[in-house]
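Here are my notes on the structure you sent. Please read them with the sequence and the 3D view open.

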Amino acid sequence: KSETNKMKKRLDSTVARVMQAIRIEVNGEFEVLEKLLQDLPEVLAPGGKAVFLTFHSGEDRRVKKSFKSGFKSGMYSAWSRDVVRPSKEERRDNPRSSCCKLRWVVRAENE
């Protein structure tokens with residue numbers, strides 16, 4: 001019986017990933033995120049801060065690369081090299097938060 005449960009969980013996980021990929025593609029989510037990251041420096045006032053919550057590695061990778069690139073070019077004065085993850089208590093109280101990562105960036109004053 002436990003082997004059947006393991007197989008069902010694995011199948012559920014696979015189906016969830018496939019549905020997520022379809023949703024991302026149909027909604028153009030990566031394109032929208034890329035456009036927001038591209039426009040962000042123009043939208044933020046000097047010294048302004050932005051915070052992003054990402055829910056899967058595809059989003060997080062794009063946000064991290066954009067923040068890092070902007071920092072190296074002098075567009076941002078600071079960025080979160082390490083992600084902020086939910087606490088044990090938060091994950092217990094809100095299980096959907098377990099995959100969430102928080103990243104932040106600060107617009108440079110001189111740009």
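1. In which strand is the place of Arg-103? Arg-103 lies in strand β3, which covers residues 101–107. Bear in mind from the start that the model is predicted.

2. Is Arg-103 buried or exposed? Its relative accessible area is 4%, and because buried means under 20%, Arg-103 counts as buried. Two polar partners of its side chain can be found. One is the side chain of Asp-60, with a polar contact at 2.7 Å. The other is the backbone oxygen of Ser-80, which the side chain of Arg-103 reaches at 3.2 Å.

3. Leaving out residues up to four places away in sequence, Arg-103 touches Ala-50, Val-51, Phe-52, Asp-60, Val-63, Lys-64, Phe-67, Trp-79, Ser-80, Arg-81, Asp-82 and Val-83. One of these, Asp-82, sits in the loop between β2 (76–79) and α4 (88–93). Asp-82 has a relative accessibility of 64%, so it counts as exposed, whereas Arg-103 is buried. Along the chain Asp-82 and Arg-103 are 21 residues apart, and their C-alpha atoms are separated by 7.7 Å.

4. The loop between β2 and α4 also holds Val-84. With a relative accessible area of 43%, Val-84 is partly exposed. Its contacts, not counting residues up to four places away in sequence, are Cys-100, Lys-101 and Leu-102. From Val-84 to Trp-104 there are 20 residues in sequence, and the distance in space is 9.3 Å, C-alpha to C-alpha.

5. Next come the aromatic rings. How many aromatic pairs does a search of the whole structure find? The search finds two. In the pair of Phe-52 and Phe-67, the ring centres are 5.5 Å apart and the planes stand at 80°, so this pair is edge-to-face. Phe-52 belongs to strand β1 (residues 49–54) and Phe-67 to helix α3 (residues 57–72); the two are 15 residues apart, and the pair links distant parts of the chain.

6. Phe-67 also pairs with Tyr-76. Here the centres are 6.0 Å apart and the planes are at 70°, so this pair is edge-to-face as well.

7. The charged end of Arg-62 sits over the ring of Phe-30, at 3.6 Å from the ring centre. The charged end of Arg-81 sits over the ring of Phe-71, at 4.9 Å from the ring centre.

8. Helix α3 has 16 residues. From its first C-alpha to its last it reaches 22 Å, close to the 22 Å expected at 1.5 Å a residue. Which residues of α3 are buried? They are Gly-58, Glu-59, Asp-60, Val-63, Ser-66, Phe-67 and Gly-70. What covers them includes α2, β1, β2 and β3. Just after α3, Gly-74 takes a positive phi of about 90°.

9. Helix α2 (residues 29–43) has 15 residues and reaches 20 Å from its first C-alpha to its last, close to the 21 Å expected at 1.5 Å a residue. Where does α2 bend? The bend is at Leu-37 and amounts to about 30°, and a proline, Pro-41, follows within four residues. Leu-37 and Pro-41 are among the buried residues of α2, together with Leu-33 and Leu-40. The buried residues of α2 pack against β1, α3, β2 and β3.

10. A last point concerns Val-15, which is in helix α1 (residues 2–27). Val-15 counts as partly exposed, at 43% relative accessibility. Val-15 and Leu-33 are 18 residues apart in sequence, and 24 Å separates their C-alpha atoms in space. Leu-33, on the other hand, is buried in α2.

Conventions:
Residues are numbered from 1 along each chain as its sequence is written. Side-chain values use heavy atoms; hydrogens and water are left out. Rings of Phe, Tyr and Trp (its six-membered ring) pair if their centres lie within 6.5 Å; planes under 30 degrees apart count as stacked, over 60 as edge-to-face and the rest as tilted. A charge sits over a ring if NZ of Lys or CZ of Arg is within 6 Å of the ring centre and within 35 degrees of the ring normal. Buried means under 20% relative accessible area, exposed over 50%, partly exposed in between (1.4 Å probe, protein chains only). A polar contact is a pair of N or O atoms within 3.5 Å; within protein, one must be able to donate a hydrogen and the other to accept it, and residues adjacent in sequence count only if both atoms are side-chain atoms. Contact means heavy atoms within 4.5 Å. The expected span of a helix is 1.5 Å times one less than its number of residues. The bend at a residue is the angle between axes fitted to the seven residues ending there and the seven starting there.
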